[in-house]
Amino acid sequence: MMPRIASRALTVLAMPILVPALLLVPRCLPALEDDPEGPLYLEADSAELFEAISLSIYRGDVFARQGNMELRGDQVMVHHDPERRPEFIIVIGTPATYLQREEGEEKDIEAAALHMEYDTAKDEITLIGQAVVFQGEDTFRSDHIIYDRARARIKAGTVAEGKERVKIRISPSPQ
């Protein structure tokens, strides 16, 4: 009988805290429109900010979102400009992942690698080490892949300064 009373008491005590928190969550999530000038949202186990050198380092199950782009990794380093806009983002993981949600598209663009570098000025993501990009039903694999977000263009292998051959699977469109 005692565990049931303790469980009910815990539920009664937790409700005033959980309900308001859950009501706020949808308001905190950003829209999915592609907005490279919009805010960068981050979650991590820990964060260090070095304002003097415009660098922030996030560690532990890091999640970052800007517009329709999501990055995940074990560690994320963000180099900022003087106005605190991200200029260069480095993601390290086992693997680090990238997701670009496309409105009106059937499938999202997904990528994974051990090391990722996002250059905001070029709007390019460089994938290094065990790199793979999934674009619809097609797959690109190499040790070095460059994904040009603005042009939706993928470069892999020697053209992307890689050392391995590119392995590609292209699936025919459903009829």
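Student: Where does I53 lie, and why is I53 called exposed?

Tutor: In this predicted model, I53 lies in the loop between β2 (46-50) and β3 (55-66). Its relative accessibility is 57%, and the cut-off for exposed is over 50%, so I53 counts as exposed.

Student: How far apart are I53 and D81, in sequence and in space?

Tutor: They are 28 residues apart in sequence, and 9.6 Å separates them in space, C-alpha to C-alpha.

Student: Now R149: what makes R149 count as buried?

Tutor: R149 is found in the loop between β8 (138-148) and β9 (153-156). Its relative accessibility is 7%; buried means under 20%, so R149 counts as buried.

Student: How do you know that the side chains of R149 and D123 are joined by a polar contact?

Tutor: Look at the distance: the contact between these two side chains is 2.8 Å. The cut-off is an N or O pair within 3.5 Å, and 2.8 Å meets it.

Student: How much space lies in the second largest pocket, and which residues are closest to its centre?

Tutor: That pocket holds about 280 Å³ of space. It is lined by 15 residues, and L49, S56, Y58, H80 and R84 are the closest to its centre. β2, β3 and β4 (69-80) each give two or more residues to the lining, with the largest share, 3 residues, coming from β3.

Student: What kinds of residues make up that lining?

Tutor: The lining divides into 9 nonpolar, 3 polar and 3 charged residues.

Definitions and conventions:
Residues numbered from 1 in each chain as written. Predicted model: local features only at pLDDT ≥ 70, side-chain atom pairs only at ≥ 80, totals over all residues. Heavy atoms only, no water. Helix = DSSP H or I, 4+ residues; strand = E, 2+ residues; numbered from the N terminus. Buried < 20%, exposed > 50% of the residue type's maximum accessible area, 1.4 Å probe, protein only. 1 Å grid on protein atoms, 1.4 Å probe; cavity = no way out; pocket = protein on both sides within 12 Å on 5 of 7 lines; lining within 4 Å. Points joined across faces, edges and corners; volume = space filled by probe spheres on them. Nonpolar A, V, L, I, M, F, W, Y, C, P; charged D, E, K, R; others polar. Polar contact = N/O pair within 3.5 Å; in protein donor to acceptor, adjacent residues only side chain to side chain.
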